[in-house]
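Me: Could you take a close look at one part of this model for me? I would like to know where it sits and what surrounds it.

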Amino acid sequence: MFRLWAKVMKENHMIKDMVVCNDSPDMRRTQKIFAAIDEICHAYDLSKPIWLEATINDFKRHNKTRFTQDNFIDRVDFDYLEIHVIEED
């Protein structure tokens, strides 16, 4: 089972969160991550974030990262969206 936790933070408060589960054996880890982000963005009506070099490095190092306004083309009304892999196969 693959699970990714997404938290929307504003002024040091979590205003939304969700956990996306994926138990598809046919998908690689990267595909599961992108599918989860697609589901999160659809649920929260967000454009897909852009993976900047710092974002990629944080995710590789810690299995979590934050998407701030710099990662979105559209204006967002929160400080950041944090994703964190909480369980992997």
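Reply: Happy to: let's start with N22, which is found in strand β2, residues 13–22 (strands are DSSP runs of E, at least two residues, numbered from the N terminus). This is a predicted model, so to speak: local features need pLDDT of at least 70, side-chain atom pairs count only at pLDDT 80 or more, and totals for chains, interfaces and linings use all residues. Residues are numbered from 1 along each chain as its sequence is written, and side-chain values use heavy atoms, with hydrogens and water left out.

N22 counts as buried because its relative accessibility is 13% (buried means under 20% relative accessible area, exposed over 50%, partly exposed in between, with a 1.4 Å probe and protein chains only). A polar atom of the N22 side chain lies 2.9 Å from the backbone nitrogen of S24. Leaving aside residues up to four places away in sequence, N22 touches M1, F2, M27 and K32 (contact means heavy atoms within 4.5 Å).

Now to the cysteines. C21 counts as partly exposed, because its relative accessibility is 46%. C41, by contrast, is buried, with a relative accessible area of 4%. Taking a disulfide as a pair of cysteine sulfur atoms within 2.5 Å, the count comes to zero. C21 is in no disulfide, and the nearest cysteine sulfur, that of C41, is 17 Å away.

Definitions and conventions. Helices (H or I, at least four residues) and strands (E, at least two) are DSSP runs, numbered from the N terminus. A polar contact is a pair of N or O atoms within 3.5 Å; within protein, one must be able to donate a hydrogen and the other to accept it, and residues adjacent in sequence count only if both atoms are side-chain atoms.
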